[in-house]
Structure formats: structure tokens, C-alpha cells
Amino acid sequence: MSRSTDYDVAVIGGGVIGLSIAWRLRECDLSVAVVDPAPAAAASHAAAGMLAPVSEVRYGEEHLLALGLASLRRYPTFVAELEGRSGQRVGLRQDGTLIVATDAGDRAALAELHDFQVSLGLDATLLTSRECRSLEPSLSPEVRSGLLAASDHSINNRRLAAALVSVARTCDIRLLTTRVTAVELAEPGPQRVDCEDGTRLIADTVVLAAGPWSASIAGVPAQAVPPVRPVKGEILRLQVRPGCPVPGHSVRGLVNGREIYLVPRLDGELVVGATVEEMGFDTVVRVGAVREMLRDAHQICPGVDELALTECIAALRPGSPDNVPLIGWTTAPGLLVATGHHRNGILLAPITADLVADLVTGVDRAGELLELVSPRRFSAVGT
Ligand SMILES: Cc1cc2nc3c(=O)[nH]c(=O)nc-3n(C[C@H](O)[C@H](O)[C@H](O)COP(=O)(O)OP(=O)(O)OC[C@H]3O[C@@H](n4cnc5c(N)ncnc54)[C@H](O)[C@@H]3O)c2cc1C
């Protein structure tokens, strides 16, 4: 028999996006339920935790940059509040990202990236090979040039997600560890959210934040289904051993045109990633992917050979057609989406939570940003 409960907002999906939204909404004094069969266990668990809008900027993605910079600015306060509330440290590092290149083609690509960053007014400095190694003695002598994006940060995304789960519990957010099977949306509300365990939630607003699964919830009208797809990423975790030289900053490398990154944690872990593959919902870790990532990591930081390989996993980024997330009201009554964060969901969690809180409470603090992420830019979705 189904059980019903009333909430102001029901959030489908408890990754960093759904959990951050739930926390912000709860702070607005709204009653909130989050439904997820395995909270904080998907891409939010796998990610590297780079908060790096400057080093990751790409041609044609200026909207994403604006959003990323706005979220990065919010991060120190977001973390201070979260750590204060949860009593847990989440490992925010504000020591910049170093991008390095080895062969002539990669050096030219780095110089081009620098020109682009400067044209956008971003803080990025080109470094010689000697300057790179004095900043990061663990780098290979093969490194010929570098680029320092001093304002980029990183975070331990697993600690971040754990702290968000803990805050959800202490802030009186209901966390249901079951799967949403369907929604029933009607004008006027309230809306209904049906769960696998028989629970039926009744809520004024439903927030769809189920990552790449957001397109597969029964009952969402076709014109409101967000156009998201899974983008596979394989990623490794290494553990530093005494006496092994490893980077102290996040290091991104260009190796024969391929991108590799090494992200150090405060606790001695080194995250190495990541592949970007269009493979549907496949999460098999391929031997070839592990081999290539380790070879490229070794090319820029030979010391990785001495570290312990502790984890190889794959997860699914929620990709959108233009790599910009979809955050906003849909045409379906009471349904808001917050998904499609692709390779930037950890970075974009604070701004996403604030934008959704503004939408639900009817406050307009960031109208321009809301335009950039509006689901209305895809004709089939939004109002
Ligand atoms: C290898 C890799 C490296 C990455 N590195 C970075 C990085 O360095 N920096 C960065 O900013 N981002 C990074 N990302 C991207 C980032 O991880 C994602 O953008 C982010 O985690 C998306 O969060 P989410 O909450 O939308 O989705 P997810 O973390 O995927 O969470 C979605 C949740 O929805 C739940 N769900 C699914 N179906 C249902 C249902 N029917 N009912 C209820 N719940 C459901 C799932 O169980 C899951 O917990 C990386 C991603 C990968 C894969």
C-alpha cells in the first residue's frame, strides 16, 4: 500500500547537485525530501574535484565560463558554511592549476590557450620549463612550457558529498533511499512522486536532478524531458607513498594532443583522469584506458610509477547538447530541472543551488545567469 507525505519540494536525485539544492531550499525554510537509491555514489563520487573554470576554458564556451566563475566565487563561503554545519572538512585547495606541455604541438596549443584566456581577461601566466619545475619539482624534464591558472581551486568531492549527506540528515531534509519510478504532474498542483518502495510524495515543486538518468523518469511529458545523455569517464586513484615525489598543485598535461590531469588531495591521494567517451550507460573500466592514462601521467610526472594504484572506476557525466547545464522551470506543471552539468557539476554545485532556490522562492538575484542556463534554449523543453 502506498504512503503519502507532503513537502514543499521533492528532489529526484541525491548527487552533489540534488543535495546542494536541497540544502539551500531547506535554508529558505522549505520542507524538502530527496529521493535517491544510492546518494552521492555516481559521478559525484567518481569526479576529480577540479574547480577550474580558467584552465578548462574552451572556444565557444564563454557562457559556461561565466557560470563557472560565478560558482567559483561562491565556493569559499559555500564550503565554510558546509563545514560549519556538518563539522566535516571537505579539502578545498586554493593553490591553482598548472597546465604543462611536452612536444612542439602541445606547446603551441598551450600558447594559443593563453592568448584566449588573456583575451577574456582571465588570470593566467605562461611559464618556462625551468619555472614549471621550480614550482613543481616532480615534473618530468620533458616538460617544455607551462601555464599557471592561479585562481583555479580543487576539492575532495567525496568529502563534499559526504558533508552534504550529513547536513541533509541534521537539517531535517528527508532522504529516501529508493528510486523514483514515476511522477504525476498536474495544474494546479500538488505534484506526485512515486517511489519503488511504495512511497508516494506529494509536493508543490519537483526538482529533477538525476544526472544522466533525468531523461528517463516516467510521467514527465515529452516536451519537458531534458536532453541529457551519459558521457563516460574512467578515472584512477593512486596513493602517495613515503619518499615519492608527486605534484603539490593540480597539474593538467597535454601529451601528444591528449589531455591528462593529476589532482592531489590533502590526505595523500592523487586522482588521475579521465577519459571522455560516448558509450551510452556502459561503466566498464577498459584496460586500454587505464594503460593510456598511466602512460600519459608518467610522461609528465614520472614519480607516479612508485605510487599505489588503489582504484579504477568509470562513471557517467550528465552531458547536455551545448555542455551548459539546464536549470529552470519546464513546461510541465511544478517541474524544475537541474541537470546536464557534464564535466563541471562539482564546480557548478553552489551556483546551481542558489539559482534553483531563487526560482522556487521567486527571488531574482541572477537573471542573466538564469537566461544562460534556461531549458528554453532547447525548443522541446521549457516554457
Ligand atoms: C571521471 C569524471 C571526472 C569528473 N571530474 C570533475 C571535476 O574535476 N570537476 C567537476 O566540476 N566535475 C567533474 N565531473 C562531473 C561531475 O562529476 C558531474 O557533473 C556531477 O557529479 C553531476 O552531479 P549530479 O548530481 O547531477 O549527478 P550524479 O552525481 O550522477 O547524481 C545523480 C543521482 O541521481 C540518482 N538517480 C538516478 N535515477 C534516479 C531515480 N529514478 N530516482 C532517484 N534517483 C535517481 C543516482 O542514483 C545519482 O545518485 C567528473 C565526472 C566524471 C565522470
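## Ligand contacts

A backbone N or O atom of Gly 49 sits 3.1 Å from an oxygen atom of the ligand. For Ala 43, a backbone N or O atom is 3.2 Å from a ligand oxygen, and for Asn 344 the corresponding distance is 3.4 Å. A polar contact here is a pair of N or O atoms within 3.5 Å; within protein, one must be able to donate a hydrogen and the other to accept it, and residues adjacent in sequence count only if both atoms are side-chain atoms. The protein buries 97% of the 1000 Å² that the ligand exposes when taken alone (areas by the Shrake-Rupley method with a 1.4 Å probe; for residues, only the protein chains shown count as cover).

Please keep in mind that this is a predicted model, where local features need pLDDT of at least 70 and side-chain atom pairs count only at pLDDT 80 or more, while totals for chains, interfaces and linings use all residues. Residues are numbered from 1 along each chain as its sequence is written, and side-chain values use heavy atoms, with hydrogens and water left out.

## The shell around the ligand

There are 37 residues around the ligand, and Asp 36, Ser 44, Met 50, His 342 and Leu 347 come nearest (a residue is near if one of its heavy atoms lies within 4 Å). By class, the shell holds 23 nonpolar, 10 polar and four charged residues (Ala, Val, Leu, Ile, Met, Phe, Trp, Tyr, Cys and Pro count as nonpolar, Asp, Glu, Lys and Arg as charged, and the others, Gly among them, as polar).

Strand E16 gives the most to this shell, with three residues (helices, H or I, of at least four residues and strands, E, of at least two are DSSP runs, numbered from the N terminus). Domain 1 (3–45 + 159–228 + 321–377) and domain 2 (97–150 + 230–319) each supply at least three shell residues, with bounds from an automatic or database domain assignment.

## The largest nonpolar core

Which residues touch the most other members of the largest nonpolar core? Among its 57 residues, they are Tyr 75, Ile 155, Leu 160, Val 207 and Leu 355. Such a core is a set of buried Ala, Val, Leu, Ile, Met, Phe, Trp, Tyr and Cys residues joined through side-chain atoms within 4.5 Å. Helix H3 provides the largest share of this core, eight residues.

Thr 97 belongs to strand E4 (residues 97–101) and is buried, at 0% relative accessible area (buried means under 20%, exposed over 50%, partly exposed in between; 1.4 Å probe, protein chains only).

Glu 136, in the loop between helix H5 (129–135) and strand E6 (145–149), is buried at 3%. Its C-alpha lies 6.0 Å from that of Pro 247, although 111 residues separate the two in sequence.
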